[in-house]
Amino acid sequence: MKNSAAISGNSGPKVRSDCEIALELRYDGGISIDLISKVKSLYGDSIVGLIKEVLDFFGIKHAFVKITDSGALPFVIEARLESVVKQLISTQQEYLPPFLKENNYSTERHRFRFSRLYLPGNTPGLMINSGLHSADGIILDLEDSVAPEKKDEARLLVRNALRQINFYGAERMVRINQGKRGLEDLHFVIPHNVNLVLIPKCEDAEDILQVEKMIESIKMKFNLTNDVYLMPIIESALGLENSFKIAYSSRSIVAIAIGLEDFTADLGVQRTVDGKESLYARQRLIITARAAGIQPIDSVFSDVADMEALKLTVKESKSLGFEGMGCIHPRQIPLIRDGFAPDTTEIEKSKKIVLAFEEAKQKGLGVVALGSKMIDPPVVARAQRVIDLAVCLNRLSPDWVKDE
Amino acid sequence: MVMKTVKNAAGRSVPLEINGQPVIPFKGIGKHKPEGRKYSPVIPTCADFPDDGNKVLSSLEEALRKCGLRDGMTISTHHHLRDGDLVSNHIFELASAMGVKDLIWFPSASFPCHEPLIKFLDDGTINRIEGSMNGPLGRYVSEGKMKGTAVLRSHGGRVQAIQDGEVRIDIAVLAAPTADSFGNAKGTSGPSACGVLGYAKADYMYADKVIVVTDNLIDLPCFPMEIEGNYVDYVVVVDKIGIPEKIISGTTQITKSPDRLLIAELTAAFLEKSGILKDGVSMQAGAGGTSLAIAVFISEILKNKGWKSKFGFGGSTKYMVKMLEDGLMNFILDAQVFDLEAVKSIENNQNHVPYSVFNAYNYHSKGNLTSMMDIMILGATEIDLNFNGNVVTHSDGYLLHGIGGWQNCLHARNVILPIPLFRDRIPVIVDEVTTLCGPGEMIDVVITERGIAVNPLRKDLIESVQGKGLPLKTLKELKDEAELICGVPQKPQFEDDIVAAIKWVDGTVIDVVRKLK
């Protein structure tokens, strides 16, 4: 036995859908539970039953549990309880909630990643409906949004969220911590169908290789065959200098992102709205990504209230060549999605090019022409990409050729 | 009290007697038609009033004494001062000091600021409250602590009860932000300005005695006369009738919750795709954060299409005022105002018209404004699989809200309920509502963040939105989805004792609330 008492989770007037659990191991007297809950009259029996079941699972026969609940869902209560148990006894066992079959999907290497919604990894209230906002990806964050003393309990919560929350088809992503802690984080997420792992503050290809090696060993152990993609985040001058090596270090890398808050701090400059201070870095990252055949992803925009500035930032970001941005609030998602999507002029032009190409192919012509202009193959490829994008975003019917 | 009950037309067990008076079980919508003549107050004579028109007395206590305050009387108040009301509590402090017992408080709504009245319920000064229950008072009633049985009525049902004599007001004590010595009063100006005073109309016309309480006495005439002095017995001037920042919120705000915004967006999309939202539409939306967001999304659609709303019915807010000022709405008809912008607008804009619930919601009116409304946005604490709605109790069985105008508004052409599928693990869609406040046949659409359910009775609506990319589901599907996430809740346990009666808009009893175990 390590200590005899421990505490985990969150409570307080502003906390919702979470609970705080205090556990005290005892030598006799069985299990006694003090439940304070706003949903006691609706779920009191089931909460008490769940606590007893989890304690029994870990072989705890005598204990006092105090739970202060603000409407936590079962998977949250389970994570909080497992967290206190593991502070008090050493065990390799995991109390896993059922894995929702709806979450059993894989994603494509080249899928769109316009909008990825960051969710703090220890705040269950923000997770429950996160899949409803149609982000391309949802990032359960174990890194900067989790307080240092909450890192361990967040792992269990994120693990249970991956199993229990319906993400409605969004790419399932986790941002791990830096270094050794990050490698340990992988044990809690890889076995639970993560589609993509974000690696923060990348400075060296070695960072990637270690993560990749750890993922492979976990996959082997659990007999997993699903792809787990990687997205390094460049957040320092050194990282930027090494970015091509980083981007090229692993076949699993599908995108590379820039984190401008840390990057500008590393340069010792202020981050501004028009972003001159980071223009070179952003452009260089785009070139790196293109050279490595992966997606360049822009930093998050942190002023949630300023939708107009976000609109301008997205416009610039797209024109530079980025293919997506992080979101820190669900309201940013539609703006970012629409911003990176092709506009009507682009779609109309691309339709003409693709049709001309098809026509030339049918006629057996080697050269594609639109009016008097010759069209090169890369132009056709780009037009096709715009069309695919437009169809995917419901801006163009999949049968558009018939409609023409 | 345990009482003999019968099943009413909605299938709920209700008693035939409440507070010693016979009541009529709910018969169905529009079925109950009382006959005879309206109730009338005692006949006054102008010779009994001062020739100079000055009815000002030195204190509320003196006024209550002169009105003959005694045991068992019914005292009415209006709720335009909302959570900033200082007058209601004062009445019962005085009554308690005078040793009067068993009063019936008949407010048009109660607020958390009325929690101090619990001590007058405890000491027997007040026998019961007939009006909306809010927060602490609701809890007190649910625990079976109130001596009499509470009676909850809609705003329109309150006017009905006054007009057909079901409730006879002995003394109406009406707070007035501005008044003159004759008793003419208005709500638009003064330090405790609240906008309109429409909820007081039935009270001053039908009460035997009327006291106007003001903290802003002006020279005759106080104009426009929202309360007409020729109905008023006494005028009392006090230091303060209300706490301004609690009467009117400085500013009403759109919800910031992404989930609520999603529901608002879905609602606007539903209204547009179903064709309910059209040029010339009439609409009502409340002051809740989600409703305000819906109003903003509706405004965008109107603007893009070049359409205009014929009129909106308030509770008005700055968002509705903006629609009026931007030319997206021709008129606001207003029963109460919620923020400072709306107060300013009703004072200055000719097209922002005071319109009392006396006219709009009243069952004994010759016509009903709400049945002329195209879009009605409402809330609910629970909806059951038959679209029945509950607004007064929570799923845990506690009485925590009043009915407000909710029942009256159900008469609109399209009743839309945008509500989250669950609130902190508490599911909103249940097998059977804890308390029935509105029959399911009047509720058309439930819009949640996880899907939209259209009442199967509205075949026309279902047809109009099919294949238009909206997430249409049945209530059963939505309920199952919520329970998959939250778990299946236990049912609250009640005793047989009836602690409150829920009246339908016509005065019949649609349901009762029982004491919690």
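Entry 1. I began with Val446(B) and found it standing opposite Ala453(B), which belongs to strand 27 of chain B. This is a predicted model, and I read it as such.

Entry 2. Next I looked up the strands around that pair. Strand 26 of chain B covers residues 445–448 and pairs with strand 27 of chain B in the antiparallel sense, over 4 bridges.

Entry 3. Which strands make up the whole sheet, and in what order? I traced 8 strands in chain B, in the order 18-17-16-15-19-22-26-27. The sheet is open and its pairing is mixed. Strand 18 (352–354) and strand 27 (451–454) of chain B are at the edges; each has a single partner strand, so one side of each lacks a neighbour in the sheet. From one strand to the next I get a twist that averages 20 degrees.

Entry 4. Then I checked what packs on the sheet. Helix 8 of chain B does, and I noted its touches to strand 19 (375–377), strand 22 (414–418), strand 26 and strand 27 of chain B. The direction of helix 8 makes about 140 degrees with that of strand 26 of chain B.

Entry 5. Helix 8 of chain B turned up again when I went to the contact between the chains. Chain B puts in 17 residues and chain A 19 residues. On the chain B side, the elements giving two or more residues are helix 8 (258–274) and helix 15 (475–486).

Terms used: Residues are numbered from 1 along each chain as its sequence is written. Chains are lettered from A and ligands numbered from 1 in the order in which they are written. This is a predicted model: local features need pLDDT of at least 70, side-chain atom pairs count only at pLDDT 80 or more; totals for chains, interfaces and linings use all residues. Two residues are in contact if their C-beta atoms, placed from the backbone, lie within 7 Å. Two strands pair if DSSP finds at least two bridges between them. Axes are lines fitted to C-alpha atoms, for helices over the stretch in contact, and angles run from 0 to 180 degrees between N-to-C directions.
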